[in-house]
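Take a look at the model below.

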Amino acid sequence: MHFGVGGFHRAHQALMIDDLLSSDDPVTQALARDWAICGVGVLPGDAHMRDVMAAQNGLYTLVEKHSDGHLEGRVIGSINDYMFAPDDVEAVIERMSSPAVKIVSLTVTEGGYNINPVTGAFDLGNPLVVADLVPGAAPATVFGITVEALRRRRDRGVTPFTVMSCDNLQNNGEVAHRTFVAFATARDAELAAWIDANVSFPSSMVDRITPGTTDADRDLVTETFGVVDAWPVVCEPFFQWVLQDSFTDGRPPYEQVRTQLVADVEPYELMKLRLLNASHQGLCYFAHLMGYRLVHDAAGDPLISGFLRAYMDDEGSPTLKPVPGIDLEAYKSDLIARFSNPNVRDTVARLCNESSDRIPKWLVPVIVDQLEAGRSVELSAAIVASWARYAEGTDEQGQPIEVADRLRERVMANAAGFAADRHSFLNDRDLFGDLVDNATFVAAYDRALELLHTVGARETLIALLT
């Protein structure tokens, strides 16, 4: 069962099960036929996915867009059911309590784990969590639903399922472990101890650029493949899934398809988060301020691509551990090429969204590691400054910026305070920890933000690269 059925899950985990079911190898296909996916939605906005999946019998079209314009399309059939928890949460919990459910996987976004971005502590004050912890309450969060299902499995003598995080978080398995145990502890310490001892939380690293679906994509699927699909998925050809081989009650034969099963995911996680994800943030704010709205147009600007490569080489890469089987120089070059794919048509706005969940997890750790090692943070500080300038809510042409962030009012207020306090943005220790106290970082940030205010984003990049 999978929480958070969106484009990313359907371009990744659902695809892998479909690959197994479609295998030419009869043994692989026979093993795969024991597996399918039941999607679960918990948020009000998930009702649309419920309706689409019901109307299409769980089927959808996946289209890979190559840089030369070539399209590869296929219908994915690995999701055979979808349950919208607000409709009948008891049915969801009972389904999860069944021995037939072996894995509960998650793509609930970086912010979906309800953790303080600096301390890593689970937020027990979240009103939704508070409501779930009321004795006898029908749970409404992924934490309440999952913990209740595990309680029933324990009480019935059913082997616990594996909880598999597939979100863009460093050590995402450990983050999931910590958050679910924290919720369980607040509910029942004995149950929490059982979960801690018996439930596996493997880490994973997932990588595939998957833009939001547009009406143009729907039209493309109809015109190119003759399929009417209310919610197809479009993505780049590149695919990578590195998964820790640690499961409580069995797993699909992922090793037979495009999944790397490893003992330690961390080197791959750090590579992806600190090179690809952090570079996305390095691109998006500068690009938006410069007037770009599509990622491939921005990546085609030598100033932006040069800035990204300099960040990766000088600040991102030095913080990485050795990555077995990966040529980092080739990987970094491939990233620029992937960003430049004109057919994916990823938007700058998508990369700017939910920055308060992204920057603290993807870029701040790079800055901390660089400072501890006495290395440069000039480019990383400029990325933070570009976010601050973007969060002011007006671009360089005087047009309003629609900031989409769960902390929108807070980050915009912090950014707007620049005139009275040039460090108003950095003073948010929940987002930046103690960086405002570090003279080296603050000096680099001050220089970049001053340039952004006085000469603009393009001239700022020129100054940073010369």
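## Strand 3 and its partners

Strand 3 and strand 9 (residues 233–235) run parallel, joined by 3 bridges. Two strands pair if DSSP finds at least two bridges between them. Valine 63 stands opposite valine 234 in strand 9. The strands and helices here are DSSP runs, numbered from the N terminus: a strand (E) has at least two residues, a helix (H or I) at least four.

Strand 4 (residues 71–76) is joined to strand 3 by 6 bridges, and this pair runs antiparallel. Here glutamate 64 stands opposite glutamate 72.

## How the model was read

This is a predicted model: local features need pLDDT of at least 70, side-chain atom pairs count only at pLDDT 80 or more, and totals for chains, interfaces and linings use all residues. Residues are numbered from 1 along each chain as its sequence is written, and side-chain values use heavy atoms, with hydrogens and water left out.

## Burial of strand 3

Is strand 3 mostly covered or mostly open? Strand 3 (residues 60–65) is mostly covered, with 6 of its 6 residues buried. Buried means under 20% relative accessible area; exposed is over 50%, and partly exposed lies in between (1.4 Å probe, protein chains only).

Tyr60, Leu62 and Glu64 point one way from the strand. Thr61, Val63 and Lys65 point the other way. Both sets are buried.

Two packed helices are described by the angle between their axes and the distance between the axes. Axes are lines fitted to C-alpha atoms, for helices over the stretch in contact, and angles run from 0 to 180 degrees between N-to-C directions.

The axes of helix 13 (residues 302–316) and helix 22 (residues 457–465) come within 10 Å and cross at roughly 45°. That makes helix 13 oblique to helix 22. Under 35 degrees counts as roughly parallel, over 145 as roughly antiparallel, 65 to 115 as roughly perpendicular, and the rest as oblique. On helix 13, the contact (heavy atoms within 4.5 Å) is made by Leu303, Ile304, Gly306, Phe307 and Ala310. Helix 22 brings Arg458, Leu461, Ile462, Leu464 and Leu465.

## Helix 22 and helix 11

Helix 11 (residues 266–290) packs on helix 22 at an angle of about 135°, with the axes 8 Å apart. That makes helix 11 oblique to helix 22. Helix 11 makes the contact with Phe286, Leu289 and Met290. From helix 22 come Ala457, Arg458, Thr460, Leu461 and Leu464.
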